[in-house]
Amino acid sequence: MLRLASWSPLYSRNWTLLSLKKGQHCGAPLFISATRCYTTIEKSNNSEKFRIAFFGTDDFAVRHLKALIEERQRPMSCIESIDVICPPDRRTGRRLKEITPSPTKGLAELYGLPVHHTPQDAKTLKGWELPSKDFNLGVVVSFGYFIPGSVIHKFKHGAINVHPSLLPKYRGAAPIQHTILAGDDETGVTVQELDDKEFDAGRILAQKTVDISRIVSPDYSGLKEILSKLGSDLLVKTLRNFDKRKATAVPQDISKVSMAPKIKKEWAEVDFADMDAWQVEQLHRAIGQQYPLRTIFTFTRIKVSKKVKQRHISMQLHNMYLPNHSPLYNQEVEPGTFMFNREDKSLHISCADGGVVAVTHLKAEGANIIEARDFINGYEIRDDTGQFGYFSEDAVGPGMSGVRVQKRRSEYNKTIRKRMGMRRKDFESLYGIRLGRE
């Protein structure tokens, strides 16, 4: 660490009088003593500055890119330049009319950094060429592609990666989610060399552990925020002492390797008859922000002709938690039974172990997200109680929750007249219809 010391008195020693206390003699001058002021600047211990090619895509990568930008702006920085490499802009929104850049591209453009795109719709980077610039280090954070050896070897100092786990534990695309699913008490971040043969198998340059045992119900977004802060700090410290870190790098212990494979959409399908309440809630915290948990709700219409039409609706469950109290705790009900609790305005759902999870919002496929109360009112739920699951036509009938019986128009008119409190003769005269026999 370099200390730059500069000395200058705050005031001249010939300065006469600052202030007088009561009773102090005017002939006694008051001086300010000379003060030595220090400024501490941490100096890079490396042989040369880095010209970085930063590979990153999402919000986790943004935090690390911002840390590198701040380091480059610091006096006596270890970074000379930064270029960003990310996927091309995506089409999003209804009918794919909106063009959305990656979060890293947005930050790069804000700070005037050069941006380079990977090939459109590329599955791999095999055959892809690094932009023809004099880079000497690659930094990879949450990029989504395997960097081939032909690219890594073009960097004088190789390439490094920030991985949000304590490698060799949880190699793979989803370490944060698997940390939550396993109920671990600790996690951390690792800065590793990039291996040219497989993901997350490089030598460890630096590692930092964080205790999460005191965090009540950690979820994906909260844990990602903690690890992105930890990782960005560790990345900058590693770069400032890069030569030393490379000299003391440690190979991973192969016997302790565990995998954290990519989260699949079908993992979000919940069968309440097979899962305990704590498992459902834990799954929600781990993957619910990426893929909201969903179950099947059978909605049945019985037409005037007595023909039955059914819709087996995929229903997403949002804002899930374990309630302390529930009316379902005092009842023997089948798993998948739900009840609207008017006290907390949420839908309570029974699970395989007799436990209960609660959700405040639901979303049918192709529809907008709605509150639990609107679900009860809109899907013919009687007595605030119903059942999730797949039911055939033979298993449902009039009077059950989730069953709508269509009436003849004349029957609707009779119901409307009664609700309006109108006499039959006045109703018929006003609307020009005949109600028939009531």
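Guide: The model is predicted. Its open sheet has seven strands in the order E7-E4-E3-E8-E9-E10-E11, and the pairing is mixed. Strand E7 (115-117) and strand E11 (204-211) are the edge strands, each pairing on one side only. On average, neighbouring strands of this sheet are turned by 20° against each other, direction ignored.

Ile85 has His116 in E7 as its bridge partner. Helix H1 (residues 59-73) lies across E4 as well as strand E3 (50-56), strand E8 (137-141) and strand E9 (159-163). The angle between H1 and E4 is about 160°.

Helix H2 (residues 103-110) contains Lys105. Lys105 counts as buried because its relative accessibility is 9%, under the 20% cut-off. Leaving aside residues up to four places away in sequence, Lys105 touches Cys86, Asp89, Val115 and His117.

The remaining part is a helix pair. Helix H4 (residues 175-182) and helix H5 (residues 220-240) have axes that come within 10 Å and cross at roughly 120°, so H4 is oblique to H5. The crossing is right-handed. In H4, Ile176, Gln177, Thr179 and Ile180 meet Tyr220, Leu223, Lys224 and Leu227 of H5. Five residues of this contact are nonpolar, two are polar and one is charged.

Conventions: Residues are numbered from 1 along each chain as its sequence is written. This is a predicted model: local features need pLDDT of at least 70, side-chain atom pairs count only at pLDDT 80 or more; totals for chains, interfaces and linings use all residues. Side-chain values use heavy atoms; hydrogens and water are left out. Two strands pair if DSSP finds at least two bridges between them. Helices (H or I, at least four residues) and strands (E, at least two) are DSSP runs, numbered from the N terminus. Axes are lines fitted to C-alpha atoms, for helices over the stretch in contact, and angles run from 0 to 180 degrees between N-to-C directions. Contact means heavy atoms within 4.5 Å. Buried means under 20% relative accessible area, exposed over 50%, partly exposed in between (1.4 Å probe, protein chains only). Angles under 35 degrees count as roughly parallel, over 145 as roughly antiparallel, 65 to 115 as roughly perpendicular and the rest as oblique. A crossing is left-handed if the near helix is turned anticlockwise from the far one by less than a right angle, and right-handed if clockwise. Ala, Val, Leu, Ile, Met, Phe, Trp, Tyr, Cys and Pro count as nonpolar, Asp, Glu, Lys and Arg as charged, and the others, Gly among them, as polar.
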